[in-house]
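User: I am new to this structure. Please take me through one part of it, step by step.

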Amino acid sequence: MADKTLLFHISDIHFGLEDDRSLDWVVQEIAEKRPAAVVITGDLTMRARPREFDAACHWIRSLDVPVTVEVGNHDLPYFNLLERFVTPYKRFQSIRRVVECPIDLPGLAIVPLKTVRRWQPRWPWSHGWVTERALDQTLTIIDRLPRGTGVLVACHHPLVEAGTRGKAWTRGGDQALAELARRGVLATLSGHVHDAFDIVKDTPHGPVRMIGAGTLSQRIRSTPQGFNEVTWDGEAIEVRVRSIDDVPTRDMQVKEVPEDALPPRRPEEPVAPVNTVPRVDPPVH
Ligand SMILES: [Fe+2]
Ligand SMILES: [Fe+2]
């Protein structure tokens, strides 16, 4: 049996509306646990603004472990349609090597599947869509892996609905999921709906597991910010959903509070001594 492999599955950071406490927490967890890889399943930014991408790419580059990044619907140029159609991934330039990039680990491969499109013959364009080409690319990578390799497929949108409040409406997702089931993939890892899930879906080619990570942004839906720890022991995948609600805040880390404790005094609000008349400054003319 192979050694255990730990992955962090994080998603929907949405720089521009990121949650600083959650990001600091994840960075600390990465430093302590040293996962074999961090899988980021899209929506790095809010509106794909250059300053949001600068912050997102800087944060991702600072992670000192292997990373793979999926493109989310929020990451394609939103205000500049010309750029959206002609050079949609230009803003990923400084992290291009890790975008839609497979990762090979001992006995385990993480394979990307793109679910976003520059445009769709329906509105809104934020919904998921697995094109034949995108699916072919993913299946080609899977089919070339050594026999017996465990496969996790990383995508932004859940391929079919997972019972969450947010929906993905992924066109072509059923067929994609069936093809992944046919190849015996361990699970899909996705984001987009901002709530974690871990379910098994039946397809015409057998069951396949779908794992979703929550969000690290302020745009929470039903659950607080969090991420997934995914562990592979060579035979099975175990998922542990980590929640920011389980992390003690600084206030909660005080072990004992003396009975006569007073609330801390804020320096900008000096307290007037008892039985004295507050000083009144003369009016300024
Ligand atoms: Fe999102
Ligand atoms: Fe999304």
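Which residues does Arg 242 touch, not counting residues up to four places away in sequence?

Analyst: This is a predicted model, where local features need pLDDT of at least 70, side-chain atom pairs count only at pLDDT 80 or more, and totals for chains, interfaces and linings use all residues. Residues are numbered from 1 along each chain as written, chains are lettered from A and ligands numbered from 1 in written order, and side-chain values use heavy atoms, without hydrogens or water.

Arg 242 touches Trp 25, Glu 29, Lys 33, Gln 225, Gly 226, Phe 227 and Glu 229. Contact means heavy atoms within 4.5 Å. Two of these contacts have polar detail. The side chain of Arg 242 makes a polar contact with that of Glu 29 at 2.9 Å, and another with the side chain of Glu 229 at 2.5 Å. A polar contact is a pair of N or O atoms within 3.5 Å; within protein, one must be able to donate a hydrogen and the other to accept it, and sequence-adjacent residues count only if both atoms are side-chain atoms.

Arg 242 is buried, at 12% relative accessible area. Buried means under 20%, exposed over 50%, partly exposed in between (1.4 Å probe, protein chains only).

Now the setting. Arg 242 lies in strand β11. Strands are DSSP runs (E, at least two residues), as are helices (H or I, at least four), numbered from the N terminus. β11 pairs antiparallel with β10 (226-232) over seven bridges. Pairing takes at least two DSSP bridges. The C-alpha atoms of Arg 242 and Phe 227 are 5.4 Å apart, though 15 residues separate them along the chain.
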